[in-house]
Each structure stands twice: as structure tokens, then as C-alpha cells.
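Work through the exercises below with the sequence and the model side by side. Try each task before you read its solution.

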Amino acid sequence: MSDEKPHVDLHHTEWHHAVNTRDVAYDGVFVVALTSTLVYCRPVCPSRLARPEHRRFFTTWQAANAAGYRPCRRCRPDVVSGQAPLEAVQRLASVVANRITDGALNAQSVPELAAALGTSDRHIRRALKREHGTTPARLALAQRLRAATTLLADPNRSITDVAFASGFGSVRRFNAAFRGQFQMSPTAWRRMQSP
Ligand SMILES: [Zn+2]
């Protein structure tokens, strides 16, 4: 631990402040070990803040390991940046949102989509809620309605055709969802759009 000592003195105030504010600029610069729990964290860890007198700083997670501390399971300071659970939630949310926007839920259920992505239904719902404040069903509905308005512009397509092609399970559901969003029937909407 002795070779880490100069860093502790040099960065004492600055690094404590970084931990207090969970400053992302310091993520990867140091890890903070807690003498109270023998766990070390990234500066951005959302876990409870330890009292300053219980903090020990290391410039590498390996040094913290060598000093007898173990990595926090929540922020995973021992895993390369970009693969820790914190970023994983953001990545999952963005992958899921893209898949749903591409119509993934027209062909499969949320649990099936989750399985295809190697995760669970619950994880998908929580990630979407946290990152985008929405649910798979709401995203899927928005995607279907967007697709429907595009398809309605083609006068050769029947309403039934548009309903199924945009991912609705029935014409009745399509009409209900369309009215819910646009306060008019698909037919009325189409009439309004055509010159
Ligand atoms: Zn942590």
C-alpha cells in the first residue's frame, strides 16, 4: 500500500470531492476502497457513501485487490469500463428500444425478445423504464401507429391490410389504437391526408 501513499496525499481533497459528487470525470482515474466494508468502488458507484475517514484511494483496482479489498458487485471497478452493470443497463435499454422500433414485438412477445437478447423480461422492463421512462407495450404501440400512418398514405392498401402490415393483431384493435392517438378513424385520417 506504501507506493499508493503519495497519491492519497496529492489528491486527497479533489478525490474526496469526486466521490461525494460521483463525478464521472474521475471514473477510471482511481478506485475508492472502504475500510469499513473492505470493498472498493468506482467514484461513480451509486452505493451508499462511506465516511471520508473510511476511504482509501488506489489508482488501479489491482492495487486495491492486492491490499486485500474486494470489488463492489454493483459498480464492478474490476471490469473494463463499458461492461459494468451501470452501462449495461443503458446499452440494454437502447438495444431493446431499437429492436421494438424495428417491429420486434410484432413477431414475438417481450419474454421472447428478452430470451433472444440473453436477458429476462424483468430486466428489459426495468431498463426501458429507467432509461426511456416507457414500457415495451407503449413503445411497440408507437411503432405500429407510425408504420400505419406511412402505409395509409398508399391508397391501394385497404384498412385491413394496413392494420396487419403495421403489426396490429386485428382491425378492431387497430381502429381503437388509432382513435386513441389521433381522435379519428384511419379512414377519416386517410381522407384528410389526400388532396
Ligand atoms: Zn460500488
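**Exercise 1. The hairpin**

Task: Find how many residues lie between E1 and E2 in their hairpin, and which residue in the turn has a positive phi.

Solution. Start with the ground rules. This is a predicted model, where local features need pLDDT of at least 70, side-chain atom pairs count only at pLDDT 80 or more, and totals for chains, interfaces and linings use all residues. Residues are numbered from 1 along each chain as its sequence is written. Helices (H or I, at least four residues) and strands (E, at least two) are DSSP runs, numbered from the N terminus.

Step 1: Four residues separate E1 and E2 in the hairpin.
Step 2: Look in the loop between E1 (31–34) and E2 for Leu38. Its phi is near 65 degrees, a positive value in a residue other than glycine.
Step 3: Check exposure. A residue is buried if 20 or more other C-beta atoms lie within 10 Å of its own, exposed if 12 or fewer, and partly exposed in between; C-beta atoms are placed from the backbone. Leu38 is exposed, because it has 12 other C-beta atoms within 10 Å.

**Exercise 2. The sheet**

Task: Give the strand order of the open sheet, and the direction of each pairing.

Solution. Strands of a sheet pair through backbone hydrogen bonds, either parallel or antiparallel. Here two strands pair if DSSP finds at least two bridges between them.

Step 1: The order of the four strands is E3-E1-E2-E4, and the pairing is mixed.
Step 2: Strands E3 (55–58) and E4 (70–71) stand at the edges with a single partner strand each, so one side of each has no neighbour in the sheet.
Step 3: Take the pairs in turn.
- E1 and E3 run antiparallel, joined by four bridges; Ala33 is opposite Arg56 in E3.
- E1 and E2 are also antiparallel, with three bridges; Leu34 faces Val39 in E2.
- E2 (residues 39–41) and E4 run parallel, with two bridges; Val39 stands opposite Arg70 in E4.

**Exercise 3. The nonpolar cores**

Task: Which residues touch the most other members of the largest nonpolar core?

Solution. A nonpolar core is a set of buried Ala, Val, Leu, Ile, Met, Phe, Trp, Tyr and Cys residues joined through C-beta atoms within 7 Å.

Step 1: The largest core has 20 residues, and Val31, Val32, Tyr40, Cys41, Phe58 and Ala64 touch the most other members.
Step 2: Ask who supplies them. Helix H1 (5–21), E1, E2, E3 and helix H2 (61–66) each give at least two residues to this core.
Step 3: Note a second, separate core of twelve residues, with Ala93, Leu105, Ala127 and Leu128 among them.
Step 4: Zoom in on Cys41. Two residues are in contact if their C-beta atoms, placed from the backbone, lie within 7 Å. Leaving out residues up to four places away in sequence, Cys41 touches Val31, Val32, Ser47, Cys72, Cys75 and Pro77.

**Exercise 4. Apart in sequence**

Task: How many Å separate Ala153 and Gln193, C-alpha to C-alpha?

Solution. 
Step 1: Ala153 sits in the loop between H7 and helix H8 (159–165).
Step 2: Ala153 and Gln193 are 40 residues apart in sequence and 7.5 Å apart in space, C-alpha to C-alpha.
Step 3: Ala153 is partly exposed, because it has 13 other C-beta atoms within 10 Å.
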